[in-house]
Amino acid sequence: MIRINDIIETLLEHSPDADTTLVERAYIYSAKVHEGQMRLSGEPYLSHPLEVAGILASMKLDSVCVAAGLLHDVLEDTNATEEEIRELFGEQVLHIVRGLTKISTLPTGSKTIRQAESIRKMILAMADDLRVILIKLVDRLHNMRTIRFHKEEKQKSIAQETLDIYAPIAHRLGIYWIKNELEDIAFKILYPEEYAFIGSRIRTDDVQREKYIETVRDYIREKLLENGLKAEVLGRHKHFYSIYQKMKRQNLSLEEVYDIIAFRIILDTVPQCYEALGIIHSMWKPIAKKFKDYIAVPKPNFYQSLHTTVFGPFGERIEIQIRTREMDLVAKAGIAAHWSYKEGGKAPGKEGKTYAWIQNLLEANRELDTPGEFLESVKLNLFSDEVHVFTPGGDIKSLMRGATPVDFAYHVHTEVGHRCVGAKVNGKMVPLSHTLKTGDIVEIITSSKSKPSPDWLGFVCTPKARSKIRQWIKNEEKARSLQLGREMCEKMFRKFRVNFNEAMHSEEMKSLPSAFGFKTMDDLLEHVGYGKVTPRQVVQKYLAKSNIPDAELLLEKIVSRVRKKKDAEGVVVCGMDDVLIKLAKCCQPVPGDKIAGYITRGRGVTVHRTNCINMLRVSPERRIDVQWAMEPASTYPVRMRIRAYDKLGLLAEITSEISKHGANITSAHTETQADGMVEIRFTLLVKSTEQLDNIISALNSLKTVIGVKRLGVPKD
């Protein structure tokens, strides 16, 4: 276990004026509150915050960050309070520790929600102070190093979250050594066979590869010296997960991954980098489309380097990276090499603009309603590879790979996105769904009369564009639903001889919203328009509260209609009465099927099977829980297709079997095919899935029948 003295020594090496007393007090407090706690490995729990603090110190981070690393679990795992942390260590340390504390008070069973809310909280804190995420990455790194002490299922869960969230964050921050180690440990847990295969093949060739690396490295160094360039030349293997990803992405065998070995050339100045590139290309033939200039166009995480792939001395592919010493420092330390914490961890000008993806996450936090949507947005932001495109004025805009002109428009400004009607790429008109490439010059054509289209959601890929379009559609639907709800209530009130506009000013009407759980009448009318509340329910509540003549008689009339209607439907919507129900024709659900409802504005609820493709496409806001009534009162149509060998009396044999099981045939269509087969399509009326399964089983037992399929069922 690392000692506190070692941590302080490391801290003083890069920061002689560091506040070591803050770190010492954090160590003493952490040891006190964690006393008696043990890790799964059997070590004292204190060993974990000490290791985290040691790594942070080695990353040349400040004393506040190291102290927060020692305290990062105290609010979550001990009796420590925020007031104590603030009093003993100050507001900065408290802010960081609070941002690192998971959400653990949500209901049991909501694991995804808990994960999403914890990440949401962490990102909000890291927007103010990036030390939050740096500590979290180091915390996750040490936990991954000791993950073997968890049960297998828990290991896989942690490893998957690491690949989904934390490795991409490390990549975005440019801390590649953490990214690579997190990925390789997670890879070993999630794909043990693939990891073992790649590892065994790499280790088998280790001696030969090391000899090859030494030979090529010396040759490059010698050629550069001949041209007056003194450089540091390094050779390395790619890490295992990177090799696996390339094999998977390009469908290659390990033998076909030629650039497993990469070389790095480190020089003093930028002109020397370009000169070295020319020398390399004069030595070995470069591979077309494998050259990337990240010096002229840096990555959003500040990474700068020249990348080229060439055919090496033996005809093999070699990846070569060329950079300055300063660029190499940034490539190793990422944001930690750039960030200054003297002002509370805020990003100065250039760096603040460069980390626009954090602002995108904050926008997603404000505009996405559910934790699941937010988590999806986080993953999209983190996993995206960038393309770099230009405005007509020459400004560079970084977008995720796969971005379209609509994504570009929303990146420029929300109103530009809303008013977008067309786009030019490199001077030529293109569809709005056109995929942008690095180097494209994009011009957006706008119109004050234009508005976003729901179809855009089918091709935009950036979370910002998606959330802005959804928000606009939601606002539009809200306005339309409010108007429709008002019209529906006016019509329904008129049926019961009540003037809706006059009733709106009554005390009885003013109290109605709270009876339905809403704050204002507009909220109630909006939900009537959406279909979540029926106008008949509004009338019923109003009459129950009012003193108008014949109110009791009118109420009895409503209740009798509801009872009669409910008995005939066979489906209950969230326990509500008086909801218009329609069974979807696409999937034709029958009692026994798992079902879900979709609110159609002004036309009640359409019931689909839960796995119906049309149900999977609908807006989440319009989904509603439904269930079959205890005793379905009628029969339901189901379509099926039968393929069989053609023979005399086939149709009579099949219809007889169906009749035996009590089903009624409402339509039949037969088609004889050229290969002597016949295809018969029936529409049957059945009472449940159990009855339908019995019919299908009986038909499949007939010797002449090849297969029976229920239509409207999604493919596996």
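Where is the place of K60, in which loop and between which helices?

**View 1. K60 in its loop.** K60 lies in the loop between α3 (47-58) and α4 (63-70), where helices are DSSP runs of H or I with at least four residues and strands are runs of E with at least two, both numbered from the N terminus. The model is predicted, so local features need pLDDT of at least 70 and side-chain atom pairs count only at pLDDT 80 or more, while totals for chains, interfaces and linings use all residues. Residues are numbered from 1 along each chain as its sequence is written, and side-chain values use heavy atoms, with hydrogens and water left out. Although K60 is not a glycine, its phi is positive, at about 65°. With a relative accessibility of 57%, K60 counts as exposed (exposed is over 50% relative accessible area, buried under 20%, and partly exposed in between, with a 1.4 Å probe and protein chains only).

**View 2. Q588 in its loop.** Q588 is found in the loop between β12 (581-583) and β13 (595-599). This residue, also other than glycine, has a positive phi near 45°. Its relative accessible area is 12%, and Q588 is therefore buried.

**View 3. The protein chain as the setting.** The secondary structure of the protein chain comes to 31 helices and 20 strands, and of its 716 residues 49% are buried. Among contacts (heavy atoms within 4.5 Å) with a separation of 6 or more, 65% join residues 24 or more positions apart.
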